[in-house]
Amino acid sequence: MSNTNISSPPVWTDREKLIFRFFFLFFILQAIPLSVDFFKTVFGFNWLHISYGDIFNLTRLSAKFLPGADSFINWIIVAIIALIGAMVWDKSKYKNINYDRFYYWLRVVVRYRLAIGIIGYGFIKFFPLQAPFPSISNLNTSYGDFTDWKIFSMSLGIVPSYETFLGAIEILAGLFLFFRKTATIGAAIILVFTGNVFISNLAYEGGEFVYATYLITFALFVLWFDAQRIYNLVSLERPTAPNSFKPLFVGKTKTLRLVLKTLVIFFFVFLYGFKTYSGFHHDPYQFPRTKGLARAAGIYNVSEFKINGRVLPYAAADSIRWKDVVFEKWATISVRSDRKVIIDSANYEQVFKNDKDRDYELAGTAGRHYYSYTVDSVNHVLLLDNKNPHYKGEQLRLNYSHPDSATVILSGTNQHRDSIYVVLNKIDKKYPLKLSRRKALKL
């Protein structure tokens with residue numbers, strides 16, 4: 001490959017070269033998957049049977065030296081490495097490289113990384129997976145028992161068409177970034193939409209503000225390339241020269257460039273889009289995929305509750321007696337009582353394959369204890385495990401019976417090995433949120 005100049009580019013000053021070296025190393029380190037999660041993410045799935053969750057987790061990788069949620073501490077580490085590297089570079093024999101060429105390739109890396117990152121979120125919004133419609137348990141939880149982030153997420157989930165619109169805009173911005181002539185437009189779109197995501201995360205105490213800042217800094221870098229020219233042309237109405245550096249690809253390098261670009265777009269757009277569409281219809285990642293007890297989904301009032309043979313009458317402040325129980329369509333049971341719930345505060349985006357790790361339904365929620373369960377349909381036994389990581393190891397073993405379509409009777413032992421007997425009566429409850437504007441609610 002060779003590079004030719006349309007006209008003589010401006011000369012780089014020593015100060016500009018020093019600044020460029022720092023930002024070159026900083027953005028390269030941020031763009032490559034230099035992460036403690038790299039091997040777990042890349043080698044943790046079958047590449048021959050890759051899922052949309054696997055691809056999303058790839059798009060979500062960023063520089064991370066500390067395990068857990070994203071942190072600006074990782075940025076400080078990257079900045080220190082970049083600063084040391086820039087000083088070493090300044091003393092090396094490579095200090096007088098072609099800076100225009102390096103700037104071009106840095107923009108390529110940054111805009112492709114930004115495109116992949118924004119498309120990763122775009123498709124799980126376009127097919128409304130990121131913020132699903134609230135579960136039956138969520139619909140029967142008091143407003144005050146939700147964290148700010150959970151309220152925001154459910155507010156988006158009840159308007160899937162708006163979520164789809166947001167996803168379409170993010171996908172469009174990502175597609176613009178794959179091409180030099182439209183990259184600035186894509187970066188400008190991302191600044192507006194991801195800037196809103198950043199503000200929303202701050203306002204509602206979400207866990208994505210670090211990653212949102214990551215995408216914003218990449219968008220600012222891409223936009224900066226044309227920002228001064230746009231300002232001179234639009235605001236100052238001055239004659240403005242276009243970018244004077246243009247790469248020239250010939251022979252095998254031209255073919256290689258087209259092949260690599262095609263592979264990236266195919267993998268992160270067409271394959272990921274198809275996999276996400278399939279996942280939306282067959283395996284939404286926020287909720288477990290295992291089906292629950294047949295014909296049991298709904299909310300149930302606890303009409304009778306016994307512990308160790310003793311009847312406990314209803315009392316609002318009773319931490320032992322259950323108030324109501326929800327059977328979800330999937331294998332989750334939630335129990336509402338006055339027993340304290342330590343909130344699972346996980347609120348950053350993760351796509352898990354295993355049901356036991358899918359915690360969206362209980363994350364950011366108090367007022368209910370959530371249990372995954374397995375069904376022994378031969379012996380009519382339910383084995384419940386508390387899904388909240390703060391109550392790890394808490395199990396209940398309950399026999400179940402269905403005297404009629406509206407009644408479920410549970411008997412067995414609770415987490416303290418006390419014997420319990422519970423009679424549940426199904427409530428025929430209507431949810432106006434599930435009705436469209438053209439449907440009427442019949443009371």
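Trainee: Is Glu 304 buried, exposed or partly exposed?
Mentor: Burial is read from relative accessible area: buried means under 20%, exposed over 50%, and partly exposed in between, with a 1.4 Å probe and protein chains only. Glu 304 has a relative accessible area of 27%, so Glu 304 is partly exposed. Lys 306 also has a value of 27% and is partly exposed. This is a predicted model, in which local features need pLDDT of at least 70 and side-chain atom pairs count only at pLDDT 80 or more, while totals for chains, interfaces and linings use all residues. Residues are numbered from 1 along each chain as its sequence is written, and side-chain values use heavy atoms, with hydrogens and water left out.

Trainee: What do the side chains of Glu 304 and Lys 306 meet in?
Mentor: A salt bridge requires a side-chain nitrogen of Lys or Arg within 4 Å of a carboxyl oxygen of Asp or Glu. Glu 304 and Lys 306 form such a pair, with an N to O distance of 3.6 Å. The count of salt bridges comes to 18. Another one joins Lys 356 to Asp 357, where the closest N and O atoms are 3.4 Å apart. Lys 356 counts as exposed because its relative accessibility is 62%, whereas Asp 357, at 25%, is partly exposed.

Trainee: Which residues do salt bridges that share partners join into one network?
Mentor: The network holds Asp 37, Arg 60, Lys 64, Asp 70 and Glu 208. Within it, Arg 60 pairs with Asp 70, the closest N and O atoms being 2.8 Å apart. Both of these residues are in the loop between H3 and H4, 10 residues apart. Arg 60 is buried, with a relative accessible area of 10%. Asp 70 has 18% relative accessibility and therefore counts as buried.

Trainee: How far from Lys 150 is the nearest side chain of opposite charge?
Mentor: For charge, Lys and Arg count as positive and Asp and Glu as negative; His and the chain ends are not counted. The nearest side chain of opposite charge to Lys 150 is that of Glu 361, 8.2 Å away. Lys 150 is buried and has no salt bridge.

Trainee: Where does Lys 150 lie, and which residues is it in contact with beyond its neighbours within four places in sequence?
Mentor: Helices (H or I, at least four residues) and strands (E, at least two) are DSSP runs numbered from the N terminus. Lys 150 belongs to helix H7, residues 148–157. Contact means heavy atoms within 4.5 Å. With neighbours within four places in sequence left aside, Lys 150 is in contact with Asn 138, Tyr 360, Glu 361, Leu 362, Ala 363, Gly 364 and Thr 365.

Trainee: Which residues touch the most other members of the largest nonpolar core?
Mentor: A nonpolar core is a set of buried Ala, Val, Leu, Ile, Met, Phe, Trp, Tyr and Cys residues joined through side-chain atoms within 4.5 Å. The largest one has 65 residues, and Leu 114 and Tyr 272 touch the most other members. Elements that give two or more residues to this core include helix H1 (14–31), helix H5 (99–126) and helix H11 (251–282). H5 gives the most, with 15 residues. Apart from this core lies another, of 25 residues, among them Ala 331, Val 335, Leu 384 and Val 422. Beyond its neighbours within four places in sequence, Leu 114 is in contact with Leu 177, Ile 190, Leu 215, Phe 218, Ala 219 and Val 222.

Trainee: Which residues does the UniProt annotation "transmembrane region" cover?
Mentor: UniProt positions are given in the numbering used here, with feature names shortened, and annotations may be inferred rather than shown by experiment. The unreviewed UniProt entry gives 18–36, 72–89, 110–131, 151–178, 185–203, 209–227 and 255–274. In the model, residues 209–227 are 100% helix and 0% strand, with end C-alpha atoms 25 Å apart. Residues 110–131 are 77% helix and 0% strand, and their end C-alpha atoms lie 28 Å apart.

Trainee: How far apart do the C-alpha centres of domain 1 and domain 2 lie?
Mentor: Domain bounds come from an automatic or database domain assignment. Here the assignment gives domain 1 (14–282) and domain 2 (298–426). Their C-alpha centres lie 40 Å apart. Across the pair, 31 residues of domain 1 are in contact with 25 residues of domain 2.

Trainee: What is the phi of Glu 205, and what is that of Arg 417?
Mentor: Glu 205 has a positive phi of about 55° although it is not a glycine. Glu 205 is found in the loop between H9 and H10, and counts as exposed because its relative accessibility is 57%. Arg 417, also not a glycine, has a positive phi near 65°. Arg 417 is found in the loop between strand S10 (407–413) and strand S11 (419–426), and at 55% relative accessibility Arg 417 counts as exposed.
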